[in-house]
Amino acid sequence: KNSGVRSFTIPSNGSYTEKMKTTLTRVCANCPEATIKIGLSLDGTKEVHNHIRGSEKSYDQIAASYAMLKEMQKEFSNLILTFTGVLNRDNLHDARDLVDLYFDRFPADDYTLQYVRGNPKDPGTKLFDAREFEHVIEYLEQRKRDHFKQVGMTRTMVRKLTTRTRKIVADVAQNNEFKVNCVAGSRLVVLYDTGILSPCEILSADTASATTGNPEDDPQGYKEKYNGFTYGDVRNFDCDVQKAVDSNLGKSIQSFIKDTKCRCTFECAIVASIFYQPKELVKTLATPSRGI
């Protein structure tokens, strides 16, 4: 109503099944032109997932929410159900079993695996061979090809987009290489449950975690200059995301992202950066999709 946004992606650990049902019923019914994509977070087979999440109930909660969402999809065509797993040192050994679990136990509209990012409680979980990550993603894409049996230009483009994104993630993770101008803050934004709007979860999370009050922790003064890399409360912009993006702060953050050649392993930002820049789409079309 306020922003013209028509595509929403909401990650969930599946903990509040009934609350999710109540909220999504209202949203899907009142916003029929919007695509509501719910990404259930499943990071491993039952034992591995529960260990990572620190809860013996987590897997069963995912299963219960999955069953509820599948029923809701019979009523709402604008509800998309996906699964997302985050790969790290502690579950990489289980990753192929996780992929098989997705397809054999939880049929859904799509599946993604992401490279661990941000500031995990144990920084050591980020220390693993990025090439192993690539191999697992190749296996996931093979299973997707066999499962969905999609052909034609659209599916070919998706395969090439996945291949290039996977390669960019690995290169950034392993060598900190700059590969693509990021459109976070212009074509993609993150809205937190508090109403705080940010151009990117990586910038805002890194900034928040480093806020200690000690100027030496931020010698360039970025936190103060860019408001912690958040626009503030979306309500202050009449719930209009574009107003925040077009504000003076928004434009200065976009300049910062461009001038510093900002780069990370945030797949959503990488995909958006490819999709919304014609020259990057051309490069992607030229990407061989071997191994998929």
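The model looked at here is predicted, so local features need pLDDT of at least 70 and side-chain atom pairs count only at pLDDT 80 or more, while totals for chains, interfaces and linings use all residues. Residues are numbered from 1 along each chain as its sequence is written, and side-chain values use heavy atoms, with hydrogens and water left out.

Back to the cysteines. A disulfide is taken as a pair of cysteine sulfur atoms within 2.5 Å, and a search of the whole structure turns up 0 of them.

Next come the strands and helices, which are DSSP runs numbered from the N terminus (helices are H or I with at least four residues, strands are E with at least two). Strands of a sheet pair through backbone hydrogen bonds, either parallel or antiparallel; two strands are said to pair if DSSP finds at least two bridges between them. Strand β2 (residues 35-41) has 5 of its 7 residues buried, so the rest of the structure largely encloses it. Strand β1 (residues 7-12) runs parallel to β2 and pairs with it over 6 bridges, with K37 in β2 as the bridge partner of T9. Between these strands comes helix α1 (residues 17-30), and β1, α1 and β2 make a right-handed β-α-β unit. Right-handed means that, with the strands pointing away from the viewer, the path from the first strand over the helix to the second runs clockwise. β2 is also joined to β3 by 6 bridges, again in parallel, and I38 stands opposite L81 in β3.

A separate topic is the open sheet of 3 strands, ordered β5-β6-β7 with antiparallel pairing. Its edge strands are β5 (190-191) and β7 (232-233), each of which pairs on one side only. β5 meets strand β6 (residues 196-198) over 2 antiparallel bridges, and V190 stands opposite S198 in β6.

That leaves the rings. The structure holds 15 aromatic pairs, counted when rings of Phe, Tyr and Trp (its six-membered ring) have centres within 6.5 Å; planes under 30 degrees apart are stacked, over 60 edge-to-face, and the rest tilted. One of these pairs, F83 with Y111, is stacked, at 6.3 Å centre to centre and 20° between the planes. F83 lies in strand β3 (residues 79-87) and Y111 in strand β4 (residues 110-115), so the pair ties together parts 28 residues apart in sequence. F83 is buried with a relative accessible area of 0%, and Y111 is buried at 0% too. The rings of Y226 and F229 have centres 5.2 Å apart and planes at 20°, so this pair is stacked; Y226 and F229 are both buried.

Ring pairs also build a cluster out of Y59, Y66, F83, Y102, F103, F106, Y111 and F148. Finally, R96 lies over the face of Y139, 4.7 Å from the ring centre; this contact requires NZ of Lys or CZ of Arg within 6 Å of the ring centre and within 35 degrees of the ring normal.

Definitions and conventions:
Buried means under 20% relative accessible area, exposed over 50%, partly exposed in between (1.4 Å probe, protein chains only).
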